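Hi,

Here is the structure I promised to pass on. Have a look at it first, and then read on for what turned up.

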Amino acid sequence: MKTHILPAIIFTAISVVAFGIIYPLAMTGLAQLLFPWQANGSMIDVGGKTVGSAIVGQLWTKPQYFHGRPSAAGKGYDPTQTGGTNLGPTSKKLIDSTRDAIAALKKENPDATGPVPMDLVTSSASGIDPAISVEGAHYQAARVAKARGLDLAKVEALIDAHVSPRQLGFLGEPHINVLQLNLALDALK
């Protein structure tokens, strides 16, 4: 029995130290060394003040700003409680909430043209998605231009200037980081 228990205890102790202490510290150190901005949350500062993160969405409600995707994370955009709704396409709750979100979006954007982009009325899998589709930004352009007293063509050009392409040319869809677009709008003043 001793021949089995002693090696098990030694192996457990070595594993705890190696994989519970040394490995996490080494990965944290490498991340800080090689990717310090990303390792520290991709925080965006304006005038010495942190205004948000490039990788965590936030709630925008004022008409002069582009709004992000709805959030299902905690009480909204809570990075400590990420996750989607897990509602299927036949869920009455999902259908009702989407219908309500479409009505609210149309009311908020009365001058919008074209179909409602689905990313503006459904939450992402993480609940903290910082980006919207290019169509989602263009759908909101008339409201933002009107609220800011800007020419619609200028807002549309700003949207087009902030499109992030597919990763590696084929992964994902072109998208726009809402925080960065809104900061560019504020910089127009």
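How many residues does helix 4 have, and how far does it reach from its first C-alpha to its last? Helix 4 (residues 134-148) has 15 residues and reaches 20 Å, close to the 21 Å expected at 1.5 Å a residue. That expected span is 1.5 Å times one less than the number of residues in the helix.

Before going further, a word on where this comes from. This is a predicted model, so to speak of local features pLDDT must be at least 70, side-chain atom pairs count only at pLDDT 80 or more, and totals for chains, interfaces and linings use all residues. Residues are numbered from 1 along each chain as its sequence is written, and side-chain values use heavy atoms, with hydrogens and water left out.

Back to helix 4. There is a kink of about 45° in it, centred on A141; the bend at a residue is the angle between axes fitted to the seven residues ending there and the seven starting there. Helix 4 is also mostly covered, with eleven of its 15 residues buried. (Buried means under 20% relative accessible area, exposed over 50%, and partly exposed in between, using a 1.4 Å probe and protein chains only.) Among the buried ones are Y139, Q140, A141 and R143.

Now the other bent helix. Helix 1 (residues 2-34) has 33 residues and spans 46 Å between its first and last C-alpha, close to the expected 48 Å. Helix 1 bends by about 30° at I22, and a proline, P24, follows within four residues.

Helices (H or I, at least four residues) and strands (E, at least two) are DSSP runs, numbered from the N terminus. Along the sequence the pattern reads α-α-β-β-α-β-α-α-β-β-α.

Next, the overall dimensions. The C-alpha atoms fill a box of roughly 80 × 45 × 30 Å along the principal axes. The radius of gyration is 22 Å, while a compact globule of 189 residues would have one near 16 Å. That radius is taken over C-alpha atoms, and the globule rule is 2.2 Å times the number of residues to the power 0.38. Of the 189 residues, 29% are buried.

In contrast, V163 and I176 are 13 residues apart along the chain, and their C-alpha atoms are separated by 5.1 Å. V163 sits in strand 4 and counts as partly exposed, at 30% relative accessibility.

S42 has a phi of about 50° and lies in the loop between helix 2 (36-39) and strand 1 (43-46). L168 has a phi near 55° and belongs to the loop between strand 4 (163-164) and strand 5 (175-177). Which of the two is buried and which is exposed? S42 counts as buried because its relative accessibility is 2%, whereas L168 is exposed, at 72%.
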